[in-house]
Amino acid sequence: DDTRLVVARAASIADRLTLLIVRDISEQERLQQMRQDFIANTSHELKTPVGAIGLLAEAMESALDDPEQVRTFAKRMSAEARRLGQLTGRIMNLSKLQAADELTEIGDVAVDEVVAAALEQYQVQADSAEVALVRGGDRGMVVRGSATILVEALGNLIANAIAYSPHGSRVGIGVRGTPDAVEIAVADQGIGIAEADQQRVFERFYRADQARSRRTGGTGLGLSIVKHAVSRHGGEVRLWSQPERGSTFTIRLPRADAPAGEPESVKHKK
Ligand code: ADP
């Protein structure tokens, strides 16, 4: 009987192991598929500006006796080259964030400084779009991670808020501390995102229809960078949005200066 019991147990363990292995293989297949999609999408996205630069060069060659036209083509060529540069930069950042290696330059990061740096980066863009950037909320919060990556992530949210908002509107950047987390919200009064698109906007290269027709300069990579950057910091991104009313993206990060860690004796002193 003992033998039978042992055999039965072994069989059940083997079953579970098989299940684990099968699960692991399908996880690997999924990752492999994701990598293939990434390469396919990326090549497709890169083809567009490269093709345009080629065509513009040809057009320029056949317009050499018309300096005005040459200038127009040259301008469009540098715009395409800029776009290509932006695209490759973002693709590199994204693949760095997706790689399993450790984040570099980890340390204590002051949230106030992240917010200030991201705001400064996009002030010119906000001014020319006539959008007011308003900062509010708590001060003095600290998180752990890479300041550079966090500034980029928050900057992407601010850039989107500006780009998808009407002239004369406001974009609010609010910080809120809870006992164990810091929330940084970017709220706009812009075009909003349809419910059906709200999950998908975080996917690589995904752009909602309204955005495609409104702004041709986007890459569809900004939010995917935000998502990966925040999850590498042990946090998450949430989205609330209503078409025509606006969107609020909230980054939630674990707090490094957790006030809950305050010694009991100190708390009881008062
Ligand atoms: P893009 O370069 O197109 O802005 P993102 O990855 O940053 O790429 O955003 C993906 C899509 O999500 C955008 O194309 C747009 O459809 C939508 N989106 C992002 N932020 C906003 C916002 N603040 N308001 C409205 N739509 C937004």
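A polar contact here is a pair of N or O atoms within 3.5 Å; within protein, one must be able to donate a hydrogen and the other to accept it, and residues adjacent in sequence count only if both atoms are side-chain atoms. This is a predicted model, in which local features need pLDDT of at least 70 and side-chain atom pairs pLDDT 80 or more, while totals for chains, interfaces and linings use all residues. Residues are numbered from 1 along each chain as its sequence is written, and side-chain values use heavy atoms, without hydrogens and water.

| Protein side | Ligand atom | Distance |
|---|---|---|
| Asp-188, side-chain N or O | nitrogen | 2.8 Å |
| Tyr-164, polar side-chain atom | oxygen | 2.8 Å |
| Gly-220, backbone N or O | oxygen | 3.0 Å |

The protein covers 99% of the 530 Å² of accessible area that the ligand has on its own (Shrake-Rupley method, 1.4 Å probe). Around the ligand sit 21 residues (a heavy atom within 4 Å), with Asn-160, Arg-207 and Thr-219 among the closest. By class, this shell has 11 nonpolar, seven polar and three charged residues. At least two shell residues each come from α4 (147-163), α6 (222-232) and β7 (246-254); helices (H or I, at least four residues) and strands (E, at least two) are DSSP runs, numbered from the N terminus.

Helix α4 also packs against α3 (residues 111-128): their axes, lines fitted to C-alpha atoms over the stretch in contact, come within 9 Å and cross at roughly 35 degrees. Contact (heavy atoms within 4.5 Å) involves residues including Val-114 and Tyr-122 in α3, and Leu-154 and Ile-158 in α4. This contact has 13 nonpolar, four polar and no charged residues.

Notes
Nonpolar A, V, L, I, M, F, W, Y, C, P; charged D, E, K, R; others polar. Axes fitted to C-alpha atoms, helices over the stretch in contact; angles between N-to-C directions.
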